[in-house]
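Biologist: I've never looked at this one before. Could you walk me through it, one question at a time?

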Amino acid sequence: MSAHGNAVDPKKAVLWDTEYHGHDVISTRSLGFFLYLLSDGMIFATLFAAYGVLSYSHNYFGGPTPSQFVHPWYTFTQTVSLFLSVLAYGMGMAAMKNRNRGGLISGLLGALVLGVVFLALDVHDMAVLAGQGITVATSAGASAFIVLTQVHAAHIFFGLIWILVMIAQVSSRGFTTDTVGRLLSLRMFWHLQAIIWVFVYVFVYLWGYMS
Amino acid sequence: MLVQLPGGWNPLLGRLALDQIPYDNPILAPLFVAVVVGTILLFGLITYYRKWGYLWKEWLTTVDHKKLGVMYIIIGLVMLFRGFIDGLMIRTQQVWANGPHSSGVFGALHGYLTPFHFGQVYSAHGLIMILLAATPLLVGFMNIIVPIQIGARDMAYPYLNALGLWITAAAAVLIMISLFVGDFAHNGWFGYAPIFELQYSPGVGVDYWIWTLQLTALGTTLGGINLLVTIIKMRAPGMTWFRLPIFVWTSLSANIIALTSFPALQVALGLVAADRYLGSHFFTAGFGGNLMLYTNLFWIWGHPEVYFVILPAFGMMSEIFPTFSEKPLFGYVTMVAASFAIAGVSWMVWLHHFFTMGAGPQVNSFFSVATMLVGIPTGVKVFNWAFTMYRGRITYSAAMLWAIGALFMLLVGGMTGMMLAIPAINYMVHNSVFVIAHFHSMLLVIVYAIFGSVIFWFPKVFGFRLDEYWAKVMFWLFTAGSALVFVPMYMLGFMGMTRRLDYVFNPAWHPYLEVMEVGIAVYCLSVLAFVVLLYVSIRDRVKNRAGADAWGTARSLEWLAHSPVPFYNFAVTPHVNARDELAWRREHGMDALEPERYVDIHMPSNTGMALYIGALTFVLGFGLTWRIWWLSLLSLAAIILLMIIRSFRGDDGYIITGAELERMEKEALRNRAQADGKYVSGGRGQVAGTAIAYGRNGASMGGDPFNSSRDGI
């Protein structure tokens, strides 16, 4: 390769690009948010690693193990509500493509309500466990179980706040570069939380129940 | 839910009480008075000169990547000084507290620091040097240089950039506050399980450590995303991947590391926080906790972090060597490949920090071989730099001296690193000061590259060159200090001296420790030389005015912009035609061609929001450290609220009209004509037409009619 790496013929060179207007705002923001989600994925990967290390029998220190305290059928209702929430969000986005503001807002409302249902089921589950004396302080295994599931729940909580904000913004402003870009980012976020929930459900609840 | 605290707590102030202020400490109390007086003086001066408005409009609310970068570098330099003072204290304690007959003052049996205070000093030294000195300095340079090198007007997210800066500043303030309110962690900068558990470290020191690290991790992750998107999305037309300057490539690889590794740190520290605040048992000795889980999680971040800080330094060296060798960089493609190879391998070596964990021969062999693999791409880089200089027309300018110093440090640190990669050797020197000397050699590579870059890019940012004489004085003092401190440290490591000794029991080590103390004194002189350097350079700034290409032989796109770079970087986006665009334009006599016309450009508006949120993250960190729950919740809610408010307001930016742009450009060009090309390199001087690759055929362009500013050099 030459010293100048595929340099063009100097006689034909264009030196300035007067009309260059740079990047597409939505695609730039989406890329950045996608990268943020990668780092979010790393957070969960690390938490799963910690859970894996701390899920041997001695990590429960003689206390209750997941096979005694998880209820996959109960948690399955959480799975269903979160997946339906993602579906509602997707319907809302389909409405957005048709420039249907009302359809989008009903989709977002559906996602919001189902997300609240998910969170309520989760809080109830934690309260039941606490009633049985299972808290983060019970054993290392219980700590890993509760922190992993509740970090996911915290993501859902902040996602719900975001959905609320987007409902307000779309109602007041309609479809602008800002709102559409944010809705696309929120869609990625919401989908990722559902995907991570699949892992939580399989590796923490199902696997924990069977081991 | 929350743990029972061993000490006092009240709902209003949390654990904060008057007895947490170390007013009786003979070292901290005078320092506190000095800091208060200094702060009052500084504020008074700003008020007297009526600079608050300027400060607010031009710096505190700016979203300009260059100013944010400058502030990152100022934070980095201040914290570098703080970390240096910590180092000085460590060295002084060790040379003093040596042998049973050594005296003790200030409540210490030997030396002048009690073991608890000494533990805080070395913990703060490590954390500050890596996360609040090296990282902000490098992020600052990436911030300033990367967008200009790729021909962009700003970063992809100017507001996020400001947010990252102010969160980093919040972390710096938090660790500085720990000097005067409460205490800092004594468990080493990377922490050990279970000593950081509440049971063994009941004070707030570990909490300060957790939240300082969390804030820096957050700031660096945000900055990393921003730089990645900037490099991917904001390149000027024609700036194809294989025309990117190597500094951009290394920034890209470094920030991929940052984005993927910092979350591991945040989780590791989040789990420590869960143990200390919620009473969980991740890393406790009982209840099924796993001590080595912490060490693994930490170094899964910790080792990639090492390459996160070294790769941009490699990029800086790759910019300095070609400029002062008057040759293109040797082996560009292999340089890119080597950067990504290092970034990739960085994920597979973390266990070499604790070969002695007892993982067994298979695991240790894997990590040993992986660690040795790092030597291959790094060796490629070393040879590339050597071949860049080989038969080049080398100018031993101050920046070049620092870069060459970095190369030598890399050889020393790299060779000892290869020794440490062998578990058999590692078992022998584990936790000895040999390891300390090794990684200080490596981090000195970064420091050398940074000071080289400060000199190299200073004229680009401020419009005048730093004084060469004092820059060289500083270089030689710094190099003498490095040799005097770290050569004896390697020797002591072989003699069996372990790290972090608050009392050195073996009098035979005393002579070496004395040499190291002399080295620290020489380092102090180099700090003074740096201050003189800044003073002399600012005094002579008119004489040292720099043109667009401050060195006459620079190669990449940032040197096409004016010096100092206007806030909009390029009035018209340059179209890139070659790797080393500026050198290519110079060879073809096109480096002074102006754009034919100017059109309106769009710029982001200033905002105070990033500053407010940064300040609130400090309040949040402080509230969590002292367990002031109402304050923590309030600041967290305020942060979320401000984010929501900003999302409603948006940022429409503003337009600079083409006519206005033309007026500013004409003025900049007038300044440029006056300043261009005054740099006369060490003894040899420069010739009209300027040199290019492997020879001086610029003269064949004739009188260079486009480049009148170079006439008469």
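Biologist: At which residue does H7(B) bend?
Modeller: Keep in mind that this is a predicted model. A proline, Pro263(B), follows within four residues of the bend. The angle there is about 30°, and the residue where H7(B) bends is Ser261(B).

Biologist: And what does H7(B) reach from its first C-alpha to its last?
Modeller: This helix of chain B covers residues 246–278, which is 33 residues. At 1.5 Å a residue you'd expect 48 Å. The model comes close to that, with a reach of 46 Å.

Biologist: What comes just after H7(B), and what is its phi?
Modeller: The residue sitting there is Gly279(B). Its phi is positive, at about 80°.

Biologist: Let's talk rings. Which residue forms an aromatic pair with Phe262(B)?
Modeller: Over all chains, the count comes to 79 aromatic pairs. In this one the centres are 6.0 Å apart and the planes stand at 90°, making it edge-to-face. It links distant parts of the chain, from helix H7 to helix H8 (residues 291–325) of chain B, 46 residues apart. The partner of Phe262(B) is Phe308(B).

Biologist: Are Phe262(B) and Phe308(B) buried or exposed?
Modeller: Buried means under 20% relative accessible area. Phe262(B) has 0%, and Phe308(B) has 1%. So Phe262(B) is buried, and Phe308(B) is likewise buried.

Biologist: How many residues apart in sequence are the parts tied together by Tyr277(B) and Trp629(B)?
Modeller: Those two form an edge-to-face pair, 6.1 Å centre to centre with 70° between the planes. Tyr277(B) belongs to helix H7 of chain B, while Trp629(B) belongs to helix H19 (residues 629–649), so the pair ties together parts whose separation in sequence is 352 residues.

Biologist: Which residue lies over the face of Tyr277(B)?
Modeller: Tyr277(B) counts as buried, at 5% relative accessibility. Trp629(B), its ring partner, is partly exposed at 24%. The residue over the face of Tyr277(B), 4.1 Å from the ring centre, is Arg627(B).

Biologist: And which ring has Lys51(B) over its face?
Modeller: Here the distance to the ring centre is 5.3 Å. The ring belongs to Tyr54(B).

Biologist: How many residues are in the largest nonpolar core?
Modeller: Those with the most contacts inside it include Phe145(A), Trp190(A), Trp209(B) and Trp385(B). Leaving aside neighbours within four places in sequence, Trp190(A) is in contact with residues including Leu82(A), Tyr89(A), Ile156(A) and Ile163(A). Another core lies apart from it, with 7 residues, among them Met89(B) and Tyr112(B). As for the largest core, its count is 289.

Biologist: How far apart in space are Pro328(B) and Ala583(B), C-alpha to C-alpha?
Modeller: Pro328(B) sits in the loop between H8 and helix H9 (332–345) of chain B, and it counts as buried at 5% relative accessibility. In sequence, Pro328(B) and Ala583(B) are 255 residues apart. In space, C-alpha to C-alpha, the distance is 8.7 Å.

Biologist: Which residue is joined to Pro194(B) by a cis peptide bond?
Modeller: Most peptide bonds are trans. Pro194(B) is in the loop between helix H5 (158–180) and helix H6 (205–233) of chain B. With omega at about 0°, the cis bond joins Pro194(B) to Ala193(B).

Biologist: What about Pro564(B): which residue does a cis peptide bond join it to?
Modeller: Look in the loop between helix H16 (510–539) and strand E1 (573–574) of chain B for Pro564(B). Omega is about -10° for this bond, and the residue joined to Pro564(B) is Ser563(B).

Biologist: Last one: what is the phi of Phe106(B)?
Modeller: Most residues other than glycine have a negative phi. Phe106(B) lies in the loop between helix H3 (65–96) and helix H4 (115–149) of chain B, and it is partly exposed, with a relative accessible area of 48%. Its phi is positive, near 55°.

Terms used: Residues are numbered from 1 along each chain as its sequence is written. Chains are lettered from A and ligands numbered from 1 in the order in which they are written. This is a predicted model: local features need pLDDT of at least 70, side-chain atom pairs count only at pLDDT 80 or more; totals for chains, interfaces and linings use all residues. Side-chain values use heavy atoms; hydrogens and water are left out. A nonpolar core is a set of buried Ala, Val, Leu, Ile, Met, Phe, Trp, Tyr and Cys residues joined through side-chain atoms within 4.5 Å. Buried means under 20% relative accessible area, exposed over 50%, partly exposed in between (1.4 Å probe, protein chains only). Contact means heavy atoms within 4.5 Å. Helices (H or I, at least four residues) and strands (E, at least two) are DSSP runs, numbered from the N terminus. The expected span of a helix is 1.5 Å times one less than its number of residues. The bend at a residue is the angle between axes fitted to the seven residues ending there and the seven starting there. Rings of Phe, Tyr and Trp (its six-membered ring) pair if their centres lie within 6.5 Å; planes under 30 degrees apart count as stacked, over 60 as edge-to-face and the rest as tilted. A charge sits over a ring if NZ of Lys or CZ of Arg is within 6 Å of the ring centre and within 35 degrees of the ring normal.
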